[in-house]
Structure formats: structure tokens, C-alpha cells
Amino acid sequence: MSLDTHRHKKQLGQHFLSDRSVVEKIVKFVNPQPGERIVEIGPGAGALTFPLLKKHGELTVIEFDRDLIEPLTEEGAKHGRLTILHRDVLSVDFGKLGAGQDVLGPLRLVGNLPYNISSPILFHVLEHADVVRDMHFMLQKEVVDRMASEPGSKVYGRLSVMLQAVCRVTPLFDVPPGAFTPPPKVDSAVVRLVPKSNDEIGITDAKRFAQVVAAAFSQRRKTLRNALSTVCDVEAIRAADIDPGARAEQVAVASFARLANHLSATTNLPPEDGALP
Ligand code: SAM
């Protein structure tokens, strides 16, 4: 099978980019520099892969679809040094990938992600944020809006807080369904994520933080006094300089971090798991 005749697999989220101007824009934003280690998640038929490879000379890609491996290998050889990992990205140890001897710097990740598993991919990658310099991902626009939203916005929620706690999130541009073959049912957007250093993050216990955020947003309409009643008392909320009468959607990321840090400093109980799926 060739890349041109590949039959799209819906279950793998295969909406391939067919608008060259969108591809060019992404490559421009990534702006690969000599010596950098660039890794693409889900190369598909190579819409982004080959332009990146031509510009940069080498690239590592992670693709789950067996049917694409051989044609990608053949076409890739014409453009540069393409390393193909035939794997489920969720099983890739990015820590190891970023620690190879030929690596000159942390990983730069790129991908038009399969939308059905975009959140698990994000959180899997973020487990190894220390080896990731930045990420440029195409996602559903609705997800990018949630990722980047501020307190007070209708879409500010658990994803916004969990992600902004560990990354700087910059939406770059929107992409309409017609830029893909076959077109998805939803609008898309490209976002840049830059992991923060541990000092910048300033969270002493990631599990405690995840637990607090999950509880706070479990019932959006409730005040924190009620939503957090299983996690902490009102005094703890006040000690973190948060109004117990506020709702989670009004509370800044830094305030959630303060509350979680206060709890980990004053409570002995281990937090229940509040990690995102
Ligand atoms: N980059 C190509 C483009 O822009 O045209 C393809 C993008 S398509 C939205 C998503 C790609 O991710 C597909 O090639 C799909 O086979 C691949 N994929 C889906 N699930 C995957 C997984 N668990 N691990 C690795 N790749 C996966």
C-alpha cells in the first residue's frame, strides 16, 4: 500500500492534513534549529513529516498504524534521516527517548494528534516534562480553548488548571475542518505548550494538587466550602488566602497550588488519586 492509497482508519483518529498553508504555518511556528531533537507523534501519511524532515534533515516519528510504516520508511529515505517507532505513543517512555546519547537538547514534540486520545497523550508526555522543551499540537479547538482559559471563563476547568500549573499554554491559530482529509466534525486549533521548571511550578505534592483540583471542579456550581468538604476544612481554604464562598471557576491556578501546598504541609493523610484520566 502507498501513502496516497491509504484508507483512513477512523478508530485511529486519522484526519490527515491536506492544506499546505496550514502545514507551512506549523513548520514556521516550530522553527527547527540545527542539533534539536524533533519527535512527531502520529505522522500519518507524512503531511507534516516530510516538510519537517526536508527542513531539519532528521526526525523521529511515533506511529501506531502498521500499514503506514513501510510507505513512510520508503518516502522518508528520500528526504532525510527518518527514525520510525512503530508504537502506541502511550507506551513510549519519553524519559528514555530524551536521554539518548545523540541528543543535543531536550525533545521538541510536534503532532496533529488523534483527537480521541489527545488528553491521555498530553498527560503521558507531561510525566516526562523534564525532557521536553516544547510541544506544538493540533487539537480540537474546544480542547485548546479549555486548556488556555482564565478564571471566570465558562470553559475554565480541571484541564485548564492541571495544564497551566505545569505548562505555559499559547493558542497559535485555528484550523477549519476543510484543511483535513477526511474532514473532522469539529474545528481544530494549534497550540504551543512549554513545560515550566520545577521552581516555576512551585507545587510540593503533585498528587495533593490533583486531588484538590478534582474535588473543587467535581461540582462546578458549588462553593469551595462545599465542594472541598471531603478534602479540607474552611480554615485551610482561608489559610491559603481563598474565599471559601468562591466557586472553583473563579480561583486562579496559583491559589489552588497554595491550598495544596498548605495541605501537604499540615496534613499527614496521603491524598487520594486525583489524576486526570
Ligand atoms: N500527522 C498526520 C497529518 O497531519 O496528516 C496524521 C494526523 S492523524 C490526526 C493522527 C495520527 O496518529 C494517525 O496517523 C494515527 O494513525 C496516529 N495514531 C493514532 N493513535 C495512535 C497511537 N496510540 N500511537 C501512535 N500513533 C497513533
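I begin with E249, which lies in the loop between α11 (234–239) and α12 (253–266); helices here are DSSP runs of H or I with at least four residues, strands are runs of E with at least two, and both are numbered from the N terminus. E249 counts as buried because its relative accessibility is 13%, where buried means under 20% relative accessible area, exposed means over 50%, and partly exposed lies in between, with a 1.4 Å probe and protein chains only. Apart from neighbours within four places in sequence, E249 is in contact with P151, G152, Y156, F217, R220 and R221, contact being heavy atoms within 4.5 Å.

A word on the basis of these values. The model is predicted, so that local features need pLDDT of at least 70 and side-chain atom pairs count only at pLDDT 80 or more, while totals for chains, interfaces and linings use all residues. Residues are numbered from 1 along each chain as its sequence is written, and side-chain values use heavy atoms, with hydrogens and water left out.

The loop between α11 and α12 also holds D241. The phi of D241 is near 65°, a positive value in a residue other than glycine. D241 is exposed, with a relative accessible area of 65%.

I turn to the loop between α1 (20–30) and β2 (37–41), where N31 lies. N31 has a positive phi as well, of about 50°, although it is not a glycine. For context, most residues other than glycine have a negative phi, and most peptide bonds are trans. N31 is partly exposed, at 39% relative accessible area. E36 is found in the loop between α1 and β2 too, and E36 is buried, at 15%. Which residues does E36 contact, leaving aside its neighbours within four places in sequence? They are N31, H56, R108 and R133.

P182 lies in the loop between β8 (180–181) and β9 (188–195).

Next, the domains. The assignment gives domain 1 (10–197) and domain 2 (206–265), with bounds from an automatic or database domain assignment. Taken over C-alpha atoms, the centres of domain 1 and domain 2 are 32 Å apart. Across the boundary, eleven residues of domain 1 are in contact with 13 residues of domain 2.

Finally, the ligand. Of the 22 residues around the ligand, Q14, L17, G42, E63 and N112 come nearest; a residue is near a molecule if one of its heavy atoms lies within 4 Å of it. By class, this shell has eleven nonpolar, six polar and five charged residues. Here Ala, Val, Leu, Ile, Met, Phe, Trp, Tyr, Cys and Pro count as nonpolar, Asp, Glu, Lys and Arg as charged, and the others, Gly among them, as polar. Both β1 (16–17) and β3 (58–63) supply at least two residues of the shell each.

Which atoms of L17 lie 2.7 Å from an oxygen atom of the ligand, backbone or side-chain? For L17, a backbone N or O atom is at that distance. In E63, a side-chain N or O atom is 2.6 Å from an oxygen atom of the ligand. For N112, a polar side-chain atom lies 2.8 Å from an oxygen atom of the ligand. Taken alone, the ligand exposes 590 Å², of which the protein buries 98%, with areas from the Shrake-Rupley method and a 1.4 Å probe.

Terms used
Polar contact = N/O pair within 3.5 Å; in protein donor to acceptor, adjacent residues only side chain to side chain.
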